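This report is written for a reader new to the structure. It goes from the overall fold to a few single residues.

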Amino acid sequence: MKKVLWQEMRRTEVEQAAKWGGVVIIPVGSIEQHAEHLPLNTDINCCFSIAQRAAELIDDFPVIVAPPIWMGLSMRHMGHPGTISLRLHTFIDVLAEVATSIAAHGFKKLFFLNGHGGNAGIVNSMPVKLMNEDRSVPSCIAYTYWRLIDKELQSISEADYRIGHAGEIETSLQLFLQPDLVDKEKASWAPGALGDPAKGTYEKGQKLFEAAVNAVVTAIRNYHSGTLDEDITWRKEISADFHRWVPL
Ligand SMILES: [Zn+2]
């Protein structure tokens, strides 16, 4: 298997990938309570796993996955044990400084892949900040992974029909990605959950994961080839998140 993780590369390999016009995916997640049955790393594990698999599947140009940004904006979950949250401006600075460092090594295309609903508004606005305000990154786009598979999510789901929180969708993904960390006995609604964890299955998780990987591969290919209009993309994403976000 080819090397795709930034932190496992040598500096000469990074240099070469930048010269060949590589795309760098920056996974962004959270460490926060996910009811009583899912691990705290659910959000970052989902988007990091999707990013890693997508990068492995692209052979004709370099795709690297940056070290995951483990923590995000999780203030609303601080009432439950285990949650670790950054403050708004710390989070913005972390995203900007990671992206700026990567761009400084010659990468011209950065792809934020977010896995936590509470981060979406900020992650989706990073192209504006980095390209217009900071002028430090030549090009970047931002997606929240489940927005790329809305159709598949609707057809696979039997109960939730949206990402929710520790509900059917995330429980399914975790049963597929890290089953040893899921407490199946506790997979039912608890305070802090949104959706129906009992409807989560390994099979649904596998289908959702494969759909998300395929969608990310397509988005990266279109971004790399220049057929994806990054300006239109982030505009759509921002308005979708601002209008559809439902507080817990
Ligand atoms: Zn989550």
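Helices (H or I, at least four residues) and strands (E, at least two) are DSSP runs, numbered from the N terminus. On that basis the protein chain reads α-β-α-β-α-β-α-β-α-α-α-α along the sequence, with eight helices and four strands. Its radius of gyration is 17 Å, close to the 18 Å that the globule rule gives for 248 residues, so the protein chain is as compact as a globular protein of that length. The radius is taken over C-alpha atoms, and the globule rule is 2.2 Å times the number of residues to the power 0.38.

This is a predicted model, in which local features need pLDDT of at least 70 and side-chain atom pairs count only at pLDDT 80 or more, while totals for chains, interfaces and linings use all residues. Residues are numbered from 1 along each chain as its sequence is written, and side-chain values use heavy atoms, leaving out hydrogens and water.

**The chain as a whole**

Taken along the principal axes, the C-alpha atoms of the protein chain fill a box of roughly 50 × 35 × 30 Å. Of the 248 residues, 53% count as buried, where buried means under 20% relative accessible area, exposed over 50%, and partly exposed in between (1.4 Å probe, protein chains only). Among contacts (heavy atoms within 4.5 Å) with a separation of 6 or more, residues 24 or more positions apart account for 76%.

**Single residues**

Asp59 sits in the loop between α2 (42–57) and β2 (63–65). Its relative accessibility is 63%, so Asp59 counts as exposed. Arg147 is 88 residues from Asp59 along the chain, and their C-alpha atoms are separated by 25 Å.

How many disulfides does the structure hold? There are zero, a disulfide being a pair of cysteine sulfur atoms within 2.5 Å. Cys46 and Cys47 illustrate this: the closest cysteine sulfur to that of Cys46 is in Cys47, at 7.7 Å, too far for a bond. The table lists both cysteines.

| Residue | Relative accessibility | Class |
|---|---|---|
| Cys46 | 1% | buried |
| Cys47 | 0% | buried |
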